[in-house]
Amino acid sequence: MDQKLKVGILGATGMVGQRFISLLENHPWFEVVTVAASPRSAGKTYEEAVGGRWKMQTSMPEKVKKLVVMNVNEVEKVASGVDFVFSAVDMTKEEIRQIEDAYAKTETPVVSNNSAHRWTPDVPMVVPEINAEHFAVIEHQRKRLGTERGFVAVKPNCSIQSYAPVLTAWKEYEPYEVVATTYQAISGAGKTFKDWPEMEGNIIPYIGGEEEKSEKEPLRLWGTIENGEIVPAKSPVITCQCIRVPVLNGHTAAVFVKFRKKPSKEELIEKLNAFRGLPQEMNLPSAPKQFIRYLEEDNRPQVTLDVDYENGMGVTVGRLREDTVYDYKFVGLSHNTVRGAAGGAILCAEALKALGYIAAK
């Protein structure tokens, strides 16, 4: 690729915006040329606007330090200098829907980390290894928006990344009932232990809205396009509990599954290790070489050992065994701010570029 696509980050000063910036620092296809945030940050350099709130473990990229933060609400102005944008804005859902649509209507594709558009029927919500075919709904969305190249695409909630890919790999055995408990890192709330000292040595058995997302969003991933809309799958039935735990990065899931067709443990492990999708087939820059890895050790996966598997873009699974009530149970782990947030959105953008939905203006 001769020339990199010019990228804007909406909500660039928050934790997910910072993760976008750190992951895109040396990206072969995309270059961050514009950072936008709330009016209170506008006019400052990015370094000044973030101040002491840089939350990444790597240092702030030199290229973005001196970029002047633009007002995210000045849609035409921000959109004029970029080929597409990543959205990580912190607003109400209605405000997010309005501003993302407004950017799309300037013929600027929007790849969003936000939840606001996840249930808009003609907006694709995609994990590229699972349902890249849902990008086809974009042509219907463009008709609604009156655009030729502008659209909104989203990635799903971070909580489902540690088990939805696993269940997808096992689709042929027809899982029909799933119980999942997720143990979710504090960075999922945009926090570090410095910001949230009361989380040290603590567990909170409630994360607002998370259980509904964890139960319903996988069904949309497994849905079909009918009459220009994505219709969610009806099965499997998923029930979930979501618990905040004193871990910085990494969402762990303990999952129980019933199957209509009874596989062996060996068959299930083989399906996990062999599972691949469009990102692997197209060799996309951020794609993990092996998306799901099964670990044989009884004490794996562990956050400290496994959360950065495939640069945080892979999923690790362990403790697969038969259960006395359900057919099988397992433990899954994914990186919530890489695969589950900014990294997952970047992989979506790479797929969209490779498929011809995103191009230079």
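A polar contact here is a pair of N or O atoms within 3.5 Å; within protein, one must be able to donate a hydrogen and the other to accept it, and residues adjacent in sequence count only if both atoms are side-chain atoms. Asp327 has one of these: its side chain reaches the backbone nitrogen of Phe259 at 2.6 Å. Keep in mind that this is a predicted model, where local features need pLDDT of at least 70, side-chain atom pairs count only at pLDDT 80 or more, and totals for chains, interfaces and linings use all residues. Numbering runs from 1 along each chain as its sequence is written, and side-chain values use heavy atoms, with hydrogens and water left out.

**Around Asp327**
- You'll find Asp327 in the loop between β13 (315-322) and β14 (328-334); strands are DSSP runs (E, at least two residues), numbered from the N terminus.
- Skipping neighbours within four places in sequence, Asp327 is in contact with Val257, Lys258, Phe259, Lys262, Arg321 and Glu322 (contact means heavy atoms within 4.5 Å).
- His251 sits 76 residues from Asp327 in sequence, and their C-alpha atoms are 23 Å apart.

**Overall shape**
- The C-alpha atoms fill a box of roughly 60 × 50 × 40 Å along the principal axes.
- Buried residues (under 20% relative accessible area, 1.4 Å probe, protein chains only) make up 58% of the 361 in the protein.
- Of the contacts between residues at least 6 apart in sequence, 76% join residues at least 24 apart.

**Charges**
- The mean positions of the 44 positive and 47 negative charges are 2 Å apart, counting Lys and Arg as positive and Asp and Glu as negative, without His or the chain ends.

Terms used. Buried means under 20% relative accessible area, exposed over 50%, partly exposed in between (1.4 Å probe, protein chains only). The place of a charge is taken as NZ of Lys, CZ of Arg, CG of Asp or CD of Glu. Helices (H or I, at least four residues) and strands (E, at least two) are DSSP runs, numbered from the N terminus.
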